[in-house]
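The following paragraphs lead the reader through a two-part question: how the parts of each chain meet, and how the chains meet each other. Please keep the sequence and the coordinates at hand while reading.

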Amino acid sequence: MIELIQVSKLYPRGRGVRDVSLRMEKGDWVLLVGGTGAGKSTILRLIYGTLRPDSGDIVVGRYRLAALRDSQLPAVRRMLGIIDQDLTLVEDRTVYGNVALVGEVLGWSKKRTKRESLRVLNRVGLHAHLDRYPTKLSRGELRRLVIGRALVAQPFAIIADEPLIHLDRDTALEIIELLSRIHAQGTAILLATHREDLFTRQPVRKLHVEDGIVRERLR
Amino acid sequence: MSAAGFTLREGWRSHRRSGLAGALAVLSLAVLSGFVCVFAGAQQSLTLARQRLLSGFELEAFVEPARERLLGVLADSLRRRPDVREVVVIDKQRAAERFVERHGEEILGLLEENPLPASLIVRYRRESVTADRLAREAEEITELDAISEVVYEGDVMRDVEELSVRLRLVALAAGAFVLVISVVLTLQSVRVAARTGREWARAVMLVGGRRKQVRAPLAMGGAFTGLFGGLIGAGIAGSLQWLLSGSPWIVPPDPRVLVAAGLLPVLLGVLGAAPSWPREP
């Protein structure tokens, strides 16, 4: 469960988000839609803790973020699969290496790291590209790679910031289809996008973010 | 994978990832390390040169006329003084021979009797010779019974010492100036090199890595950069010094200096990498 309770975060120049409240349960698929600078990314960053709210509280699973020290935030991120807008891939690691990084960070054995990494790479359709480097992948394959990395630790929710940006329509639909399969297996998805028109067949709930305010409430 | 293994492997990757920036950082650390070696070697060589120059100075204590029979006793007494390396006995006969060697036979031949006094030449260990020390020694030896006068080249010694002190001061000031500039530039170059790992650092944090899992490998990467710089700099400078140490004025490389000059860049590598650690929670 992820819940934001009257969360505000204002930047020095006035932008940010104000009094955001939302709640999503296991299995939900929520779209944060809105233009550039509306505050979508800020909401996501507040959830995975790279931003701290000025006021309000955020609950992720059993953690209340306001009560957590910075050193405890990794425990929250380990429950989530985070897809950053910048993708944040390690260019000198192969496809396999980027996914295996999760197991290495979590201190898994080599055997477990390999097993889980191959499992997700197979799931996202990159099993044939294990030894390729990110610079040699297409945009669609890069999205698949970051989705795969987000899935390795079997998170209860995927937090994705603009995963469809810079993709042509067909590739974007492929990525949505991949996310649909992940969602169908019980993983919640919170996705920020300005391409909500592509989500025609998915059971998504849309929240409009405008000038830092969420216009519709989920529940 | 163990935490130590992760730190080592990612540290090595961090160093390799730095590419051209890393190569420049290694180079600047090597220059710094080499400079430390050269500077320390120059200081040691200056000390050696000063000692060699001053060790050429000696005291000559003249014995009162008609008391030459005490020469042996006086010589033994002087040999027991601290830091005395050698006492040479110059009796009247030997004094005459030395006079002839320097000035010829004519002058001495005009005299019926040998007027030259017996004396004792006192030489000290190289490391203990200073103008002040020899002045004190001259005073104390003059006080001895049967010694009429003690002579030595005090003024020249003081000039040599002053020159040595001034050279050392100039070298220290110039060295400190270059060192400070070099350290600042080096820290910046290491920082630029370490910043190439920022994407990696963000990736580790996004997948749930703890801060120490980011900081330790970045610091380790800086340490690798420093280690290579130190090895190259200290290695080249040490080898050159060793090759030149055939000259009597240059000391062979001091292993302690080489180790320090090799390890200093490691410390700078770690400190230089520090500002690249992610600030966000």
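**Domains and interfaces**

Between domain 1 of chain B and domain 2 of chain B about 400 Å² is buried, and carbon and sulfur atoms carry 45% of it; buried area is the accessible area (1.4 Å probe) that two parts lose on being put together, summed over both. On the domain 1 side, Q51(B), R52(B) and E161(B) supply 82% of the area buried against domain 2 of chain B, more than any other three residues. This is a predicted model, in which local features need pLDDT of at least 70 and side-chain atom pairs count only at pLDDT 80 or more, while totals for chains, interfaces and linings use all residues. Residues are numbered from 1 along each chain as its sequence is written, chains are lettered from A and ligands numbered from 1 in the order in which they are written, and side-chain values use heavy atoms, with hydrogens and water left out.

In chain B, domain 1 spans 3-52 + 160-276 and domain 2 spans 60-152, the bounds coming from an automatic or database domain assignment. The C-alpha centres of these two domains of chain B lie 54 Å apart. Five residues from domain 1 of chain B and five residues from domain 2 of chain B make the contact, where contact means heavy atoms within 4.5 Å. Between the two domains of chain B the count of salt bridges is zero, a salt bridge being a side-chain nitrogen of Lys or Arg within 4 Å of a carboxyl oxygen of Asp or Glu. One residue pair is in polar contact between domain 1 of chain B and domain 2 of chain B, both residues at pLDDT 80 or more. A polar contact is a pair of N or O atoms within 3.5 Å; within protein, one must be able to donate a hydrogen and the other to accept it, and residues adjacent in sequence count only if both atoms are side-chain atoms. Helix α2 (residues 19-54) of chain B gives the largest share of the domain 1 side that touches domain 2 of chain B, namely four residues; helices (H or I, at least four residues) and strands (E, at least two) are DSSP runs, numbered from the N terminus. That side of domain 1 of chain B has one nonpolar, one polar and three charged residues. In this classification Ala, Val, Leu, Ile, Met, Phe, Trp, Tyr, Cys and Pro count as nonpolar, Asp, Glu, Lys and Arg as charged, and the others, Gly among them, as polar.

Chain A is likewise assigned two domains, domain 1 (1-79 + 155-219) and domain 2 (85-154). Their C-alpha centres lie 22 Å apart in chain A, and 19 residues of domain 1 of chain A are in contact with 14 residues of domain 2 of chain A. The two domains of chain A bury about 1,500 Å² between them, with 59% of it on carbon and sulfur atoms. R78(A), P155(A) and L178(A) lose the most area on the domain 1 side, together 34% of what that side buries.

One salt bridge is counted between the domains of chain A. E174(A) forms a salt bridge with R144(A), and the closest N and O atoms are 3.5 Å apart. Five residue pairs are in polar contact across the interface of domain 1 of chain A and domain 2 of chain A, both residues at pLDDT 80 or more. On the domain 1 side of chain A, β7 (157-161) and α6 (169-184) are the elements that give two or more residues. The largest share of that side, seven residues, comes from α6(A), and its residues divide into ten nonpolar, four polar and five charged.

The loop between β7 and α6 of chain A holds E162(A). Phi of E162(A) is near 50°, a positive value in a residue other than glycine. E162(A) is buried, with a relative accessible area of 7%, where buried means under 20% relative accessible area, exposed over 50% and partly exposed in between (1.4 Å probe, protein chains only).

The two chains also meet each other. The contact takes 28 residues from chain A and 21 residues from chain B, and the area buried between them is about 2,200 Å², of which carbon and sulfur atoms give 52%. Five salt bridges are found across the interface of chain B and chain A. D86(A) forms a salt bridge with R202(B), the closest N and O atoms lying 3.5 Å apart.
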